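Hi,

Here is the structure I promised to pass on. Have a look at it first, and my notes follow below.

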Amino acid sequence: MISSIDMDINAVKEKYSKNKAREEKEALEQRMINAHNTGDNISQISIDLTYYSQLSSYIEQILSLTKAYEEAEEIVKENSDPDLTEMAKTEMEEIEEKIPLLEKEIAILQIDRTFHDEDDNRSAILEIRAGA
């Protein structure tokens with residue numbers, strides 16, 4: 001049982017090991033700092049920065065959970081204390097539940113960005129008239 005789960009954890013770790021969202025977030029932060037000097041669209045940079053900040057946060061959480069899973073797995077393999085082993089197994093089960101939830105949040109975030117309408121950022125004039 002542990003070896004098949006271990007393969008899933010390794011696949012998740014490999015998938016998110018290169019956190020390009022963090023690099024993009026840092027680049028956008030620099031662009032935001034220099035936006036007044038360069039004339040960049042601060043509104044668009046802010047939108048992009050929000051997206052990459054959230055994405056980077058989710059990825060960092062997943063990487064942290066994979067590390068905790070590996071540590072708990074080592075405890076299960078190397079420890080003879082039944083109470084500690086049981087606690088580690090419980091932690092592993094909790095992590096197995098949390099990672100798919102975070103991956104779902106990442107997918108939702110990416111879908112929202114993919115189907116973002118450019119007109120959402122534009123101004124609108126709304127005229128209200130009295131009448132029957």
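This is a predicted model, and it holds five salt bridges. One of them joins the side chains of Arg22 and Glu60, at 3.5 Å from N to O. Arg22 belongs to helix α2 and Glu60 to helix α4 (residues 42-78), so this pair ties together parts that lie 38 residues apart in sequence. Both ends are partly exposed: Arg22 has a relative accessibility of 36%, and Glu60 has 32%.

Another salt bridge runs between Asp48 and Arg113, at 3.0 Å from N to O. Here too distant parts of the chain are linked, with Asp48 in α4 and Arg113 in helix α5, 65 residues apart. Asp48 counts as buried because its relative accessibility is 14%, under the 20% cut-off. Arg113, at 32%, is partly exposed. Arg31 and Asp40 also form a salt bridge, with their closest N and O atoms 3.5 Å apart.

What forms the negative surface patch? Its members are Glu71, Asp81, Asp83, Glu86, Glu91, Glu93, Glu94 and Glu97. Helix α5 (residues 82-114) supplies the largest share, six residues.

Best wishes

Notes: Residues are numbered from 1 along each chain as its sequence is written. This is a predicted model: local features need pLDDT of at least 70, side-chain atom pairs count only at pLDDT 80 or more; totals for chains, interfaces and linings use all residues. Side-chain values use heavy atoms; hydrogens and water are left out. Patches are made of residues with over 30% relative accessible area and no salt bridge: like charges are joined within 9 Å, nonpolar side chains (Val, Leu, Ile, Met, Phe, Trp, Tyr) within 5 Å. Accessible areas come from the Shrake-Rupley method with a 1.4 Å probe; for residues, only the protein chains shown count as cover. A salt bridge is a side-chain nitrogen of Lys or Arg within 4 Å of a carboxyl oxygen of Asp or Glu. Lys and Arg count as positive and Asp and Glu as negative; His and the chain ends are not counted. The place of a charge is taken as NZ of Lys, CZ of Arg, CG of Asp or CD of Glu. Helices (H or I, at least four residues) and strands (E, at least two) are DSSP runs, numbered from the N terminus. Buried means under 20% relative accessible area, exposed over 50%, partly exposed in between (1.4 Å probe, protein chains only).
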